[in-house]
Amino acid sequence: MTAAHDTVRTPYELADVPGWFPHLDQVLFDWFLTHQETHAVRGDLLEVGVYMGKSAIFLGRHLQEGEAYTVCDLFEGEAPDGANRAETTKSYAELTREAFESNYLSFHDELPRVLQGPSSIVPAEVAPRSCRFVHVDGSHLYQHVRDDIGAAREVLRPGGIVALDDFRSEHTPGVSIAAWEAVLNRGLNPVCLSGQKLYGTWDDPKDLQEDLLEMVRGREDCSLSVQDAAGHRIIRLKGRGMAAPAFPPSRHVRPSAPEPRPQAPKARPQVPAAARRGGRARRIAVDLLPPVVTRTLRRARSRRRTS
Ligand SMILES: C[S@@+](CC[C@H](N)C(=O)[O-])C[C@H]1O[C@@H](n2cnc3c(N)ncnc32)[C@H](O)[C@@H]1O
C-alpha cells in the first residue's frame, strides 16, 4: 500500500497529510460523530494506527469539552513480532512520532494522548466503557486486528461506534477474517460499509441505520445498496465524485507559493522573406538584420557554396 504523499512539508491542508482516508469515510466520520454529539452520546475518542495523522487530525476536530482523545502507534518503535515488523518496515518506513506530532500540531493546539507501542497496551491504558468512537487502523494481521476489535468492544460505551479499516482489501485478508468473525461470533453489528471501512456497533443498529439512510438518500454523490446477510442489514455506500467535507487549514503554515509559470520560449528573430528569397534584395535585407542572424545566414550560404 502506498500513501498519497502529496508533500513532505508541514501540511497546510488535510489533503497535504500523507495517508489513507477517502472522502466518503471523511463524510461518514463527520456524520457518525455529529450524530453522537446531537444525540447526547458523550465519550472519549481512540485511534489505533495513526501513521502521519490524516484521520487522527480529522477525528481530533470532534473532541468535545470534557472528552479525552488517545492515539496508539508503534511509530519508529519495535513491532511485537516478525510479521508485524515486516508489515511496518514495508509500508511505514518513513514514519516517526515527531512527523505525526508536527502534522497534528499544524491543525490543533494540543496533541492527543500518544501511546507509543503495540496496540496490545490499549486495554491497560484506556478505561472500559469510556469511548464513543474507536478507529481501528493499526496492524492488518489477523491476531492483532482480532485483539484490537476486542479492545474496542471493551472501551466503547453504549452508543459507541467502531470503524474497522481495510476490512475488504485484497492485501489484508486478516482484517476481513477478524471483522466478519466479530460480526458472526462476537456480537458486532454492521451499521454500514464503505469501500474501505466497516462501521459497527455492539448496540442495536436499527435507528442509527434509519438516520443514515435518510442522510444518504438526500445526497446525489453517494450510491447505496441494502442487503440482508446472516441476519444483518448490510448498508453498502459508494462515493460518486464526492468532495471531502470542509476542514480548516493549518493554523501556522501558509499555503505554498504557486509553482512559477513556465516561461514562454523567446521568439526567434524573424528572417524577412526577402532574405530567404536571395539576390540583391536579400543582401540588403541581410545587412539590415541583427549581426547574429546575419552571421548565421552568411555561414549557411558559404557552406552551401562549398558543398
Ligand atoms: C494504515 S496506517 C494508519 C493510517 C492512518 N489512520 C491514516 O489516516 O492515514 C497503519 C498504522 O498502524 C501502525 N501499526 C502497525 N502495527 C501496529 C501495532 N501492532 N500496534 C500499533 N500500531 C501499529 C503503523 O505504524 C501505521 O502507522
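Of the contacts in the protein with a separation of 6 or more, 67% are between residues 24 or more positions apart, a contact being heavy atoms within 4.5 Å. The model is predicted, so local features need pLDDT of at least 70 and side-chain atom pairs count only at pLDDT 80 or more, while totals for chains, interfaces and linings use all residues. Residues are numbered from 1 along each chain as its sequence is written, and side-chain values use heavy atoms, without hydrogens and water.

The protein has 11 helices and nine strands, taken as DSSP runs (helices H or I, at least four residues; strands E, at least two) and numbered from the N terminus. Buried residues, those under 20% relative accessible area with a 1.4 Å probe and protein chains only, make up 48% of the 307 residues.

Helix α1 (residues 23–38) packs with helix α8 (residues 206–217) at an angle of about 130°, their axes 12 Å apart. Axes are lines fitted to C-alpha atoms over the stretch in contact, and angles run from 0 to 180 degrees between N-to-C directions. The angle makes α1 oblique to α8, since oblique covers whatever is left after under 35 degrees (roughly parallel), over 145 (roughly antiparallel) and 65 to 115 (roughly perpendicular). Leu28, Trp31, Phe32 and His35 of α1 meet Leu208, Asp211, Leu212 and Met215 of α8.

Arg129 lies in the loop between α5 (122–125) and β4 (131–136). Its relative accessibility is 53%, so Arg129 counts as exposed, which requires over 50%. The C-alpha atoms of Arg129 and Leu156 are separated by 4.7 Å, although the two residues are 27 apart along the chain.
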